[in-house]
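These are my notebook entries from one sitting with a single structure. I set down the terms as I needed them.

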Amino acid sequence: MKKTAFLLLLLGSFLHIMAAENYITNIYGRDCQMLNGKWDAIIDLYEQGKSSKIYLNKKPSDKNEFYEYAFENGLRLNVPGDWNSQLPELKYFEGSVWYSRHFTSKNLKDKRRFLYFCGVSYRCNIYLNGEFLGSHEGSFTPFHFEVTHQLRDGDNHLVMEVNNRREKDAIPALRFDWWNYGGITRDVMLVTLPNEYIADYFIQLDKHQPNVINTMVSLSEKKAGETVTVMIPELGKKIRMTTDAKGIAKASMRVGGIKRWSPSTPKLYQISIVSACDRVDERIGFRNIETNGTKILLNGKETFLRSISFHEEIPQRMGRACTKGDAEFLLSEAKALGVNMVRLAHYQQNEYIVRRAEEMGIMIWQEIPVWQAIDFTNEETLRKAQLMLRETMIRDRNRCADCFWGIANETRPSDARNAFLDKLLQTGKDIDTTRLFVAAFDNVYFQNDSQLFEMNDNFIDKLDMIGINKYMGWYTAWPLEPAKCIWKVAQTKPLFISEFGGEALYGQSGDESVASSWSEDYQAKLYRDNLTMFGNIPNLVGISPWVLFDFRSPTRFHPQNQEGWNRKGLVSDQGQRKQAWYIIHDFYKQMKQKYDE
């Protein structure tokens with residue numbers, strides 16, 4: 001009786017979980033046929049492909065018939081990959097490109113088939129064997145279409161119209177400080193599942209309790225009375241659940257002896273989820289992340305967030321990062337700096353990066369690209385933001401490394417902005433409350449009257465941790481000596497410096513007091529000065545310099561020092577470490593020792 005009451009209490013307080021719609025959890029753990037490789041392509045400069053019915057890929061049937069297009073013997077592009085880095089003529093291209101490939105399939109009884117796309121930038125229309133399947137908007141989240149009845153036994157033809165044009169109601173919108181890569185930038189696959197399959201699951205350590213695991217499993221069919229079993233062999237645990245009328249089963253279980261995931265011990269457990277018709281195997285870690293006043297507690301212990309940001313870009317290749325090897329490259333350089341966290345800026349990065357970070361013991365701040373010039377008065381834009389956040393959280397909510405859900409970056413207070421972020425925040429909390437919700441702001445200013453750095457933005461009261469982007473010594477001159485700069489910002493909340501830094505061209509020396517020297521010397525002094533100032537922020541819980549690598553940006557016009565690159569990287573576009581890299585490396589080493597990680 002006591003055990004029953006205990007479970008009912010836990011379930012009553014368990015977060016509200018929405019069953020995934022049009023989603024397949026843990027795609028890399030399923031039966032997948034990869035459709036990556038060379039795809040045929042047509043550049044559609046004036047966007048006439050749809051009216052020309054390119055997707056039908058017709059061939060002349062007699063001597064009087066002809067068509068003014070052909071995929072064969074023309075341009076070929078790598079998938080996954082962006083088109084901007086694959087052809088010089090496409091370096092700055094924003095518009096439509098049609099992709100085409102053939103693949104072989106067999107009709108399978110008692111199976112369902114899905115075309116799954118891990119990420120397409122930015123919007124796309126999908127056609128299979130000349131039939132329109134559907135559309136998707138948003139570069140950085142996955143989507144799929146069921147094709148069980150559209151597949152042919154033998155050859156199949158997949159066509160995609162991909163468009164990366166910037167639009168006012170898009171997310172991000174018309175202006176952003178990174179390269180607008182277009183293309184099929186992540187894996188494409190044909191997925192085979194049972195007729196009734198495990199669509200979604202959420203297996204997570206309770207937010208506060210170190211020995212309670214909450215579970216939710218959702219089946220593809222809305223049937224009550226189906227048995228679902230979750231097994232954690234290493235912990236000797238097996239729990240059987242029964243689905244409700246929506247095909248969802250929930251339960252909680254006490255588990256002793258859990259080794260909790262942390263940066264120093266990134267423990268993952270083998271877990272199996274089994275239904276009558278399906279089985280999914282997964283590796284999941286367990287940890288507690290919460291706040292206590294102005295502190296961040298990981299597994300009940302105060303921690304200092306030693307972070308860095310990077311774009312989903314390989315600078316030496318000048319292209320989008322899209323493979324396991326790319327993930328290893330980016331995260332290894334971050335790890336060498338001494339981080340225990342990365343802020344994935346300014347959008348959801350691919351699943352290879354998220355999963356590898358988890359294995360390496362790196363916490364993640366993951367955000368959607370609600371950045372600056374978003375139209376907060378547009379209901380359609382809000383709907384897109386809500387969908388992007390939802391798709392991100394459902395894809396990654398089993399990843400214990402994901403500790404922070406970011407809902408916005410550098411937005412300014414207004415009634416429209418506040419209403420927009422209110423609804424977006426509620427969307428996130430309806431899905432998951434075990435993480436911390438955050439946003440980054442750039443509206444902290446020095447006040448002459450008080451001689452303090454202060455902030456006026458009431459929305460911060462609704463967030464768990466406040467991120468501040470402040471470029472002292474670069475975009476903002478020092479009002480006082482760094483040691484005399486005192487902050488009075490979000491005093492009752494954990495405060496995280498989510499961006500700071502300045503630009504330097506690797507190998508360039510110059511006067512450390514002159515910003516326009518673009519020198520490593522100036523950047524290094526700027527970093528030393530900022531670290532001095534950070535000592536005067538009583539509620540500081542971490543920092544994240546901007547940025548790990550120099551990255552491409554069309555808004556950077558200096559012909560000698562930038563050449564289309566944002567040079568704020570601690571590491572150059574060729575992989576050379578600047579002086580500032582060593583300053584942060586040594587600081588992180590000290591902080592790791594101080595917090596005994």
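Predicted model: local features only at pLDDT ≥ 70, side-chain atom pairs only at ≥ 80, totals over all residues.

I call a residue buried when its relative accessible area is under 20%, exposed when that area is over 50%, and partly exposed in between, using a 1.4 Å probe and protein chains only. I number residues from 1 along each chain as its sequence is written, and side-chain values rest on heavy atoms, with hydrogens and water left out.

Entry on cysteines. I looked for disulfides, taken as pairs of cysteine sulfur atoms within 2.5 Å, and the count came to zero. C32 belongs to none, since the nearest cysteine sulfur, that of C118, is 8.3 Å away, and C32 itself is partly exposed at 26% relative accessibility. For C400 the closest cysteine sulfur is that of C403, which at 7.2 Å is too far for a bond; C400 is buried, with 0% relative accessibility.

Entry on salt bridges. I required a side-chain nitrogen of Lys or Arg within 4 Å of a carboxyl oxygen of Asp or Glu, and the search of the whole structure returned 43 of them.

The salt bridge between E47 and R165 has its closest N and O atoms 2.4 Å apart. E47 sits in the loop between β2 (37–44) and β3 (75–79), and R165 in the loop between β9 (154–163) and β10 (188–194), so this pair ties together parts that are 118 residues apart in sequence. Both ends are partly exposed, E47 with a relative accessible area of 31% and R165 with one of 28%.

D177 and R556 form another salt bridge, at 2.7 Å from N to O. This pair links distant parts of the chain, 379 residues apart, with D177 in the loop between β9 and β10 and R556 in the loop between β33 (551–552) and β34 (565–566). Are D177 and R556 buried or exposed? I find that both are buried.

Strand β17 (residues 279–284) holds E282 and helix α3 (residues 351–360) holds R355, so parts 73 residues apart in sequence are tied together. E282 is buried at 4% relative accessibility, and salt bridges with shared partners join E282, E351, R355, E358 and R399 into one network.

Entry on strands and helices. I took both from DSSP runs, helices as H or I of at least four residues and strands as E of at least two, numbered from the N terminus; two strands pair if DSSP finds at least two bridges between them. Eight strands make a closed barrel with parallel pairing, in the order β21-β24-β25-β26-β27-β30-β31-β32, and neighbouring strands are turned by 30° against each other on average, direction ignored. Within that order, β30 (residues 465–469) runs parallel to β31 (residues 495–499) and is joined to it by four bridges, with I468 standing opposite I497 in β31.

Helices α6 (residues 520–534) and α7 (residues 579–594) pack at about 25° with axes 8 Å apart, where axes are lines fitted to C-alpha atoms, for helices over the stretch in contact, and angles run from 0 to 180 degrees between N-to-C directions. The two are therefore roughly parallel, a label I give to angles under 35 degrees. Counting contact as heavy atoms within 4.5 Å, I list Y527, R528 and L531 among the α6 residues that meet α7, whose side includes I583, I584 and F587.

Methods
Parallel < 35°, antiparallel > 145°, perpendicular 65-115°, else oblique.
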